[in-house]
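Dear colleague,

Please find below the structure that I am handing over to you. My notes on what was found in it follow directly after.

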Amino acid sequence: MNVDAVVLDIDGVLVDVADSYRRAIVESLDHVYDETIARSDVQQFKDAGGFNNDWELTDAAALYLLACREGCDLSLDQFTTDIAAMGGGLEAARTVTSEELTLANRERVFATWDHDHLRDTFQQLYLGSSLYRDLEDKEPSLETEGFIHDEPVLATEATLQQLQSEYAVGVLTGRPAAEADIALERVGLDVPDAHRYTMDDWDSGKPDPDALIRLAEQFSADSIAFAGDTLDDVKTAVNAASADSRTYRGVGVLTGGLTGEHGRKKFERVGTAAVVDSVNDLPAILGQ
């Protein structure tokens, strides 16, 4: 690909989050509302776009469950399809929910929908009691070990060493900064703060291209590859190419929610430059 810089997502690329973030989504809903979605359903929200923030994805899934209680007869597939048609994200989920319900039912849904409770439950389940005290600076109401400890490393030491020896390497993630630090330390990837963008560093989140463009500027790079596991990751590179004169290539990685030939085709439909089975295949394609 003849690139000057490589930017990596964390979740689903450097570490496997199937039993951490995605589990936290499912179990937070169950804890707060006594019902939930299947773990495989999480990908439908991801594919709809605009759900780089897993707290907001949890909120959207909660809206769907509560709407169904109030008479909404949309399947989850149709609900997420409608979200995608409106541009993706939580605001689209709110709009779809509102349009499917009567005024009285809609008011009951939004009265029951509790973002703060969902987020707090999510953080306790994900971080565990000890980290929750440290990072959230509050006493937990649940005694938990924390799903954050169940994140197998996907990138090998050899892969990361090769990438850092041959390219400028940055990180672009939807994680909060403190949680990104934990994952990067586990992986063994040392990236200066200036070359890392997290949830705390820019408001819009992926697929907004601003953070990727800023990384390209900091690297003085003419050509940048961005490897991620979601359609929004690839769209971030596509959007950056439309907004900036540099060359941006999105690389889809099949170790997140998108897998196999089906996942490969989805990446291709949104303009990926390449699809790899894992981040460990990235050096080989960059060298072609």
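D34 is exposed, with a relative accessible area of 66%; here buried means under 20% relative accessible area, exposed over 50%, and partly exposed in between, with a 1.4 Å probe and protein chains only. D34 sits in the loop between α1 (21-33) and α2 (42-48), and its phi is near 60°, a positive value in a residue other than glycine. Helices (H or I, at least four residues) and strands (E, at least two) are DSSP runs, numbered from the N terminus.

Please note that this is a predicted model, in which local features need pLDDT of at least 70 and side-chain atom pairs count only at pLDDT 80 or more, while totals for chains, interfaces and linings use all residues. Residues are numbered from 1 along each chain as its sequence is written, and side-chain values use heavy atoms, with hydrogens and water left out.

D137 also has a positive phi, near 60°, and is not a glycine. D137 lies in the loop between α7 and α8 (157-166) and is exposed, at a relative accessible area of 66%. A further backbone feature is the cis peptide bond between K206 and P207, with omega about 15°. P207 belongs to the loop between β3 (196-197) and α10 (210-219).

Regarding helix packing, α7 (residues 115-136) and α9 (residues 177-187) meet at an angle of about 100°, their axes being 13 Å apart. The two helices are therefore roughly perpendicular to each other, a term that covers angles of 65 to 115 degrees. Q123, Y126, L127, L131 and L135 of α7 make the contact with A178, E179 and I182 of α9, where contact means heavy atoms within 4.5 Å. By class, this contact has 6 nonpolar, 1 polar and 1 charged residues; Ala, Val, Leu, Ile, Met, Phe, Trp, Tyr, Cys and Pro count as nonpolar, Asp, Glu, Lys and Arg as charged, and the others, Gly among them, as polar.

As for the whole chain, there are 13 helices and 6 strands. The radius of gyration is 19 Å, close to the 19 Å that the globule rule gives for 288 residues, so the chain is as compact as a globular protein of that length; the radius is taken over C-alpha atoms, and the rule is 2.2 Å times the number of residues to the power 0.38. The C-alpha trace spans about 60 × 40 × 30 Å along its principal axes. Buried residues make up 54% of the 288 residues.

With kind regards

Terms used:
Axes are lines fitted to C-alpha atoms, for helices over the stretch in contact, and angles run from 0 to 180 degrees between N-to-C directions. Angles under 35 degrees count as roughly parallel, over 145 as roughly antiparallel, 65 to 115 as roughly perpendicular and the rest as oblique.
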